[in-house]
Amino acid sequence: MTLDPAEVWIVIAALAVGTFLIRFSFLGLIGDRPLPPWLLRHLRYTPVAVIPALVTPLVLYPPATGGEPDLARLLAALATVVAGTATRSLFAAIFAGGSVLNLGLWLL
Amino acid sequence: MATTPAHRSGVNGPRAAFWRGARGALPFLIVMVPFGLIFGVAATEAGLDLLAAMSMSVLVIAGAAQFAALQLIVDQAPTLVVILTALAVNLRTALYSAALAPHFGAAPLSVRAFAAYLVVDLTFAASTAEYERQPAMTLREKLAFFFGSALPVVPVWYLATLAGAVFGRGIPPEYALDFAVPIAFLALVAPMLRTLAHLAAAVVSVLGALAFGWVPYSGGLLVAAFLAILAGAEVERRREAAL
């Protein structure tokens, strides 16, 4: 496979500018003008609204198994969520998920 | 926020906040190292040279968008499709930018620009969680916490990409490094599910991702996120109205 270096550099440059402008959008434009309460009420839910949708396909159809659901990965995801909600600790959640994943891959 | 002019309000000052942020984000190392390694390996396997792989991680710093771009370059997609898809994957950071604007808005433009560069899933999630726990934080403390939380994330992303690009091919596949990223994201979200409204948003987010997974160029992600935000805010509004 041949890769066109010029295309790669065009992509890198466009993404560098584009991703920055997306991140800067509200921080740059709004400054310290107060946002209306209804908007703040919605913005509060951005992390819990975006991240589960981002993760769902990765958990159910992991690219590493060719998109086939995989029991070890499903159990690891479950363990992460259970440990995270029970302990409220990021570290405990990552540790639980990583342990179950490696145990599961070894046993299953 | 009640402030008495004679006393400094806030929580222990910016220096303490910076280190609290850095310490709080330390567990992310177990994620950023494999994530960056995988990207470095994938980039070299796709045919990017070391300079291109590193430029991407330093200038773009958006793991998911970088992977999407790489995959499409390998698939020989048209350049414009590569760019637009990767940007769409990263559109969620516009929501993060909006959510951080009320916290950082009073900072000078250059500081906001630098903060914008560091807005990634992990720094955003760690910081907003802290601001909800500690509403008395001052602007400088909030910024310091945010910059602190970037310390175990962003430089590590560069170095891990470098290590992956240089030595990458020797990592055995049985370590399942691919799954470090989903585990990190779930570990971030799970502790946030402390109210019915947050739970509703998360459930709608998952269902939305399943229902709209067919929408091309990760459009389904944005539809799901939008519906989930509405669900969370609506549950909050109703519960407040019921009180």
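Begin by selecting chain A, which reads α-α-α-α-α along its sequence. Chain A has five helices and zero strands; helices (H or I, at least four residues) and strands (E, at least two) are DSSP runs, numbered from the N terminus. The radius of gyration of chain A is 20 Å, well over the 13 Å that the globule rule gives for 108 residues, so chain A is more spread out than a compact globule. That radius is taken over C-alpha atoms, and the globule rule is 2.2 Å times the number of residues to the power 0.38.

This is a predicted model, in which local features need pLDDT of at least 70, side-chain atom pairs count only at pLDDT 80 or more, and totals for chains, interfaces and linings use all residues. Residues are numbered from 1 along each chain as its sequence is written, while chains are lettered from A and ligands numbered from 1 in the order in which they are written.

**Chain A in outline**

Orient chain A along its principal axes: the C-alpha trace spans about 55 × 50 × 20 Å. Buried residues make up 44% of its 108 residues. A residue is buried if 20 or more other C-beta atoms lie within 10 Å of its own, exposed if 12 or fewer, and partly exposed in between, with C-beta atoms placed from the backbone. Of the contacts in chain A with a separation of 6 or more, 38% join residues 24 or more positions apart; two residues are in contact if their C-beta atoms, placed from the backbone, lie within 7 Å.

Next, colour chain A by pLDDT, the predictor's confidence in each residue, from 0 to 100. The mean for chain A is 89, and 98% of its residues reach 70 or more. Within chain A, confidence is lowest in helix 2, at a mean of 85, and highest in helix 4, at 95.

**The contact between the chains**

Display both chains and select the residues in contact: 64 come from chain A and 80 from chain B. On the side of chain A that touches chain B, the elements giving two or more residues are helix 1 (5–30), helix 2 (37–43), helix 3 (46–60), helix 4 (71–87) and helix 5 (90–107) of chain A. Helix 1 of chain A provides the largest share of that side, 19 residues. Coloured by class, the side of chain A that touches chain B divides into 43 nonpolar, 14 polar and seven charged residues. Here Ala, Val, Leu, Ile, Met, Phe, Trp, Tyr, Cys and Pro count as nonpolar, Asp, Glu, Lys and Arg as charged, and the others, Gly among them, as polar.

**Chain B and its domains**

Of the 243 residues of chain B, 51% count as buried. Residues 24 or more positions apart account for 76% of the chain B contacts with a separation of 6 or more.

Colour domain 1 (14–177) and domain 2 (193–243) of chain B separately; these bounds come from an automatic or database domain assignment. The centres of domain 1 and domain 2 of chain B, taken over C-alpha atoms, are separated by 24 Å. Their contact takes six residues from domain 1 of chain B and five residues from domain 2 of chain B. On the domain 1 side, helix 5 (residues 79–89) of chain B gives the most, with four residues.

Which residues have the most contacts inside the largest nonpolar core? Select B:Ala69, B:Ala184, B:Leu186, B:Val189, B:Ala201 and B:Ala228, in a core of 117 residues. A nonpolar core is a set of buried Ala, Val, Leu, Ile, Met, Phe, Trp, Tyr and Cys residues joined through C-beta atoms within 7 Å. Domain 1 (14–177) and domain 2 (193–243) of chain B both give residues to this core, so the core lies between them.

Centre on B:Ala228: leaving aside its neighbours within four places in sequence, its contacts include A:Tyr45, A:Ala49 and A:Ala53.

Move to B:Ala86, in helix 5 of chain B. B:Ala86 counts as buried, with 28 C-beta neighbours inside 10 Å. Beyond neighbours within four places in sequence, B:Ala86 is in contact with A:Leu15, B:Ala65, B:Ala68 and B:Ala69.

Finish at B:Ala16, in helix 1 (residues 13–24) of chain B. Is B:Ala16 buried or partly exposed? B:Ala16 counts as partly exposed, with 15 C-beta neighbours inside 10 Å.
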